[in-house]
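Come along and check each entry as you read.

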Amino acid sequence: MKQKVIVLQIRFSGDDNTIYVCKTFEIAHRIIREWFKDSIEDINTYGIGDLEDYLWEKDIGYWEITEEVVICE
């Protein structure tokens with residue numbers, strides 16, 4: 001059986017990626033907010049796109065989210 005998973009690669013600027021495999025994009029977004037919560041005041045007021053732009057602009061951190069297919073037997 002094939003299933004889709006969400007792969008989140010996330011890091012602070014200058015660090016190595018940490019990889020999470022999630023069931024949904026919403027779970028990945030929660031991980032992102034938790035990951036950077038100490039770096040941004042009022043992080044929950046940002047939409048995920050605005051948060052990504054802010055982190056990129058300030059060189060705080062980065063992430064990439066992809067959807068991958070896995071085979072479960």
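Predicted model: local features only at pLDDT ≥ 70, side-chain atom pairs only at ≥ 80, totals over all residues.

**Entry 1: a charged residue without a partner.** I started with R33, which is buried yet has no salt bridge. The nearest side chain of opposite charge belongs to D50, and I found it 8.6 Å away.

**Entry 2: what surrounds R33?** I placed R33 in helix α1, which covers residues 25-36. Setting aside neighbours within four places in sequence, I listed its contacts as I43, N44, Y46, G47, I48 and L51.

**Entry 3: the salt bridges.** How many salt bridges does the structure hold? I noted two. In one, the side chains of K4 and E67 meet at 4.0 Å, N to O. That pair links distant parts of the chain, 63 residues apart: K4 lies in strand β1 (residues 2-12) and E67 in strand β3 (residues 61-71). I wrote down K4 as exposed, at 55% relative accessible area, and E67 as partly exposed, at 44%.

K37 forms a salt bridge with E34, with the closest N and O atoms 2.8 Å apart. Here K37 is partly exposed at 41%, and E34 is partly exposed at 48%.

**Entry 4: the cysteines.** My count of disulfides came to zero. C22 is in no disulfide, and the nearest cysteine sulfur, that of C72, is 15 Å away. Is C22 buried or exposed? I found C22 buried, at 5% relative accessibility, whereas C72 is partly exposed, at 29%.

Technical notes:
Residues numbered from 1 in each chain as written. Heavy atoms only, no water. Disulfide = S-S within 2.5 Å. Buried < 20%, exposed > 50% of the residue type's maximum accessible area, 1.4 Å probe, protein only. Helix = DSSP H or I, 4+ residues; strand = E, 2+ residues; numbered from the N terminus. Lys, Arg positive; Asp, Glu negative; His and termini not counted. Contact = heavy atoms within 4.5 Å.
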